[in-house]
Amino acid sequence: MRICLTGYNAKPETARVLDRAAEILRCEGAETFIVPQSGFDAPHGAANALDAQTLDGADAVVTVGGDGTMLHAAKECARLGLPVLGVNLGRTGFLATCELDEMETKLSRLAKGDFSVEHRALLQAECTGAKAPLIALNDLVIYSGERRQTVDLDVFCDGMPVSNCRGDGVILATPTGSTAYSLSAGGPILDARIRGLVVTSICAHSLQRPAIVFAADRRITVRPGPDQRGPILISSDGEQEIPLPADGELRAGLSEKSVKLITFNGTDQFDAIDKKLRGR
């Protein structure tokens with residue numbers, strides 16, 4: 001098995017953990033190579049980004065860092081059909097299924113092929129004026145481009161109006177992303193194996209704006225409402241920020257592709273909820 005290791009984190013232990021992870025994998029017979037993400041000094045002329053060329057010949061990817069590191073790598077892994085495992089160096093790390101004290105055991109199992117793959121849904125959206133589709137493993141967030149100014153947004157499902165949100169914005173989240181920003185905004189936790197998406201208002205100026213869970217085949221459209229003033233921005237997993245024109249719209253649904261998340265326990269998501277949200 002040929003495994004790519006990657007990491008981007010300001011913490012000084014990242015490089016040390018990457019080296020240790022590579023050592024564990026090699027001791028179990030795996031071939032490894034390290035591709036630092038942007039922000040690292042790439043050793044021996046290695047590339048600073050994950051792409052088809054740098055991942056050529058890889059059978060799996062291991063990320064070292066927090067959920068941001070995983071999110072950065074996950075979309076390219078989904079495009080190439082590569083399974084990905086996260087080693088958590090962050091504070092929460094819902095996407096990472098390997099903690100530091102589990103590295104010896106879980107990376108040894110990975111090298112031996114003793115793991116499962118969980119398919120996690122991706123959001124794909126087209127936005128007026130955007131040159132390429134937006135892809136998100138966690139969420140798409142629509143919000144005001146000016147500080148301290150609310151937004152007025154109309155939400156449609158398959159062309160039918162379902163909600164109007166006046167507040168700080170709207171979150172379109174996957175089941176994976178239901179434990180991220182959407183949860184902080186009052187949205188429900190979804191089983192990550194569900195094929196669907198949830199729409200959650202952010203600080204809505206109404207007591208009657210519950211989150212709505214939609215089926216996998218639904219198409220969600222978000223447009224500026226009649227009272228919208230000022231610019232609107234859209235972010236994809238917190239990595240992109242593009243403007244939504246006043247006469248534009250965002251059209252989103254589940255992608256045909258998915259992220260292959262490496263797991264070792266069918267209840268990894270619920271273990272993370274119990275330990276990291278409840279603090280057990």
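# Close-up views of a predicted model

**Figure 1. Strand β16 and its partners.** Strand β13 (residues 220–224) pairs with β16 in the antiparallel sense over three bridges; strands (E, at least two residues) and helices (H or I, at least four residues) are DSSP runs, numbered from the N terminus, and two strands pair if DSSP finds at least two bridges between them. The model is predicted, with local features requiring pLDDT of at least 70 and side-chain atom pairs counted only at pLDDT 80 or more, whereas totals for chains, interfaces and linings use all residues. Residues are numbered from 1 along each chain as its sequence is written, and side-chain values use heavy atoms, leaving out hydrogens and water. Strand β4 (residues 83–88) runs parallel to β16 and is joined to it by two bridges, with Pro83 opposite Lys260. Strand β16 (residues 250–263) is largely enclosed by the rest of the structure, because ten of its 14 residues are buried; buried means under 20% relative accessible area, exposed over 50%, and partly exposed in between (1.4 Å probe, protein chains only).

**Figure 2. An open sheet of six strands.** The strand order is β12-β11-β10-β7-β14-β15, and the pairing is antiparallel. Strands β12 (212–215) and β15 (240–244) stand at the edges with a single partner strand each, so one side of each has no neighbour in the sheet. On average, neighbouring strands of this sheet are turned by 20 degrees against each other, direction ignored; the axes are lines fitted to C-alpha atoms, for helices over the stretch in contact, and angles run from 0 to 180 degrees between N-to-C directions. Leu197 has Phe214 in β12 as its bridge partner.

Figure 3. UniProt lists Asp67 as "active site" in an unreviewed entry; UniProt positions follow the numbering used here, feature names are shortened, and annotations may be inferred rather than shown by experiment. Asp67 lies in helix α2, which covers residues 67–80. Not counting residues up to four places away in sequence, Asp67 touches Gly93, Phe94, Leu95 and Ala96, where contact means heavy atoms within 4.5 Å.

**Figure 4. Asp237 in the loop between β14 and β15.** Asp237 is buried, and its relative accessible area is 8%. Although Asp237 is not a glycine, its phi is positive, at about 55 degrees. Most residues other than glycine have a negative phi. The side chains of Asp237 and Lys75 make a polar contact (3.3 Å); a polar contact is a pair of N or O atoms within 3.5 Å, and within protein one must be able to donate a hydrogen and the other to accept it, while residues adjacent in sequence count only if both atoms are side-chain atoms. Beyond residues up to four places away in sequence, Asp237 touches several residues, including Leu71, Ile135 and Asn138.

**Figure 5. The largest nonpolar core.** Among the 27 residues of this core, Leu172, Ile220 and Leu250 touch the most other members; a nonpolar core is a set of buried Ala, Val, Leu, Ile, Met, Phe, Trp, Tyr and Cys residues joined through side-chain atoms within 4.5 Å. Leaving aside neighbours within four places in sequence, the contacts of Leu172 include Leu123, Val198, Ile220, Val222 and Leu250. A second, separate core has 22 residues, among them Val17, Val62, Met103 and Phe264.

**Figure 6. The packing of helix α3.** Met103, Lys106, Leu107, Ser108, Leu110 and Ala111 are buried in helix α3 (residues 103–111). The buried residues of α3 pack against β1 (2–7), α1 (13–27), β3 (60–65), β4 and β16. Just after α3, Gly113 has a positive phi of about 80 degrees.

Figure 7. Arg166 lies in strand β9 (residues 160–167) and is partly exposed, with a relative accessible area of 42%. The side chain of Arg166 makes a polar contact with that of Asp227 (2.4 Å). Other residues in contact with Arg166, leaving aside neighbours within four places in sequence, include Val151, Asp152 and His205. Asp158 is found in the loop between β8 (151–157) and β9. Asp158 counts as partly exposed at 39% relative accessibility, and its phi is positive, near 50 degrees, in a residue other than glycine.
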